[in-house]
Amino acid sequence: MEKKKQNTIVELNGLTKRYGNKTVVDHLTLSIEKGEIFGLLGPNGAGKSTTMNMICSITKPTMGEIHIFGYDTKKDMNKVKAKLGYIPQELAIHGNLKAWENVELFTSMYGIKKTALKEAVEESLRFVGLEDKREGFAKNFSGGMKRRLNIACALGHKPELLLFDEPTVGIDPQSRNFILEKIKESNENGATVIYTSHYMEEIEAICTRIGIMDNGKIIAIGTKEELVKMVSDCPADTMSLEEVFLTLTGKKLRDYGEGGL
Amino acid sequence: MLFIAIKNNLKLMLRNKVLLVFLLVAPAAITWILSGVFEDMMGVYSNTDTVNIAYEVEEGSPYEAYLEQLSKEMSSDQIRISKYNVTKEQVEETVKKQELTAFLYITKDSYIVYEYDKYNTQAHVVENLFTTMFDQLHAAQTLTMVNKTIGYSEILKLDLIPMATSVNYYGIIEIAYFAMCGVVTISIVIRSERKNRITRRMQVAKISGMTMYLAKVIPCSIAVFVDMVGASILSHLLVGNQYGNYTESIGILLLLSIAASAFGILGLYLVKNIAVGIVLIFSSVWFMGFYGGTFQNYMMNVVPDQLRAISPLYYVNRTLVEFQTMGKSDYAVPCVCILVGIVLICSLGNVFLMKREMEE
């Protein structure tokens, strides 16, 4: 397998996903470089989650190519999976398992065993601040704690690429702030991050580059300053990301279901 | 990964106390109820108020007059001795048709006692009665005994299942029935996986269909088996039921637990909705149980033989009951083959469906 250039962690070429006549992701072409926190922003039904699902190989693309760490995911996904950590929008944890048992289960799926597994579990729980709650059942946790546990479950195998799909939905500001700090910390420790959210201030606070998606296409991409320049001559610090976003995507309500269906 | 998944799935199942207690207590409770309800019905086959004995004496036999005398004397003791004009070849058919306890066939110089094993206890009394009678006559040198043969029971045993007590019968077959319903234990795990979209994490980690299946069928089989052994012990303590051939019976129960788990998981993966899946599985198990004698004694012949023969539970029930009553069963090999067949077919289906789910 020929590997692509080393610094490009994710490369999407003409990525398309159709459900019947509905095109959810439309010939998306995008590169994400090593060390980036790439924010994927878009209204409901823009195709963000579908794009994330295709990168993780949860959803098969109708057309196009995905290269992660230089590997074509159609052929070599098994080589990629250990480097990839996916934090889904839903709380993908067993309520009737204890915190450490959840982390142990999902970390073990990547072939980590025995002492290394124990250490990975403790490290992950410590990273998200749940070391004192390791014996607690997930079902008894608060919303913020569940979100943190959801993240811990994806960190045990020390992935180099982290995909966060709206990880802060429905939690208090303290938990949100904690999670954002941890995402930045992961990035500082060497992980590349792809982050989707509806919360503009989150994207603005942590992302080094932002892609704005609408109707399955990237309609603008760049740093916040570059995006502001695209829509206005004003200095970047005088215009919020939300204003940029609304200028680019319009103010009309988007009443799509999940994944644009 | 497999070991950790099995361990955690077991924990998920064992933490549902209500379900575990139900699977432990329900078989014992139903055994107690059914064994009481059907006790009299089953008793018909093991007890008779009057012992019916028939005899035939060849012409010119010195015993003829003596037996007529004996018949008159015994009539007041609820033992009816009647003379039947049949040939030696017709004896077996007559015994079965007339529901006789024993048939005494006397020639000029010998006699044969045909014992009907259905009335085992009474037949032994009759055997003893005649043996004593002929020994006394022989001792008194009234008659000359040339040959004495006692051995009909072995021939008839091939056609008959000695009756189990209602407690043993229902104690065994209710355990088999509940084992088939044991998939409810793993449904907790599958429901949690679907509700919380755990499958997505498995998709990202590229878990194979086989690993996914083994992580379910192994803990499910363990839980069902342990639950059924526990329920057997509990019902033994409560109502006193017993198994026969413990090693073989435990082997059959273990195989049944695996087959029931594989069958149940297939049902839950064929139907995406857990509740609908459970209803369908329980319905199919109910029919298997109905035709397999779980709710009515299969020895009553209320179910057509052809329908009975297609119920896997019939083979399990019959094997385990015959182990208890006879210590052996001709149904053991077909039972094992059917259970292994269920495990193989359902496992193939499950791996295919889980692989497909991972690729969706």
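Student: Which residues line the largest cavity?
Tutor: Its lining consists of A:L105, A:M109, B:M1, B:A5, B:N9, B:E193, B:M202, B:I207, B:M212, B:A215 and B:K216. A cavity is a set of points on a 1 Å grid over the protein atoms alone where a 1.4 Å probe fits but cannot get out, and lining residues have an atom within 4 Å of a point. The model is predicted: local features need pLDDT of at least 70, side-chain atom pairs count only at pLDDT 80 or more, and totals for chains, interfaces and linings use all residues, while side-chain values use heavy atoms, without hydrogens and water. Residues are numbered from 1 along each chain as its sequence is written, with chains lettered from A and ligands numbered from 1 in the order written.

Student: Which helix gives the most to that lining?
Tutor: Helix 11 of chain B does, with three residues; helices here are DSSP runs (H or I) of at least four residues, and strands (E) of at least two.

Student: What lines the second largest cavity, then?
Tutor: Residues of both chains do, including A:A154, A:H157, B:R201 and B:V204. Strand 6 (84–87) of chain A and helix 10 (198–204) of chain B each supply at least two lining residues.

Student: Where does A:A154 lie?
Tutor: A:A154 belongs to the loop between helix 5 (143–152) and strand 7 (161–165) of chain A.

Student: Is A:A154 buried or exposed?
Tutor: A:A154 is buried, because its relative accessibility is 3% (the limit is under 20%, with a 1.4 Å probe and protein chains only).

Student: What is A:A154 in contact with?
Tutor: Beyond neighbours within four places in sequence, A:A154 is in contact (heavy atoms within 4.5 Å) with A:G85, A:Y86, A:I87, A:P159, A:L162 and B:R201.

Note on methods:
Buried means under 20% relative accessible area, exposed over 50%, partly exposed in between (1.4 Å probe, protein chains only). On a 1 Å grid over the protein atoms alone, a cavity is a set of points where a 1.4 Å probe fits but cannot get out, and a pocket is an open set with protein on both sides within 12 Å along at least five of seven lines; lining residues have an atom within 4 Å of a point.
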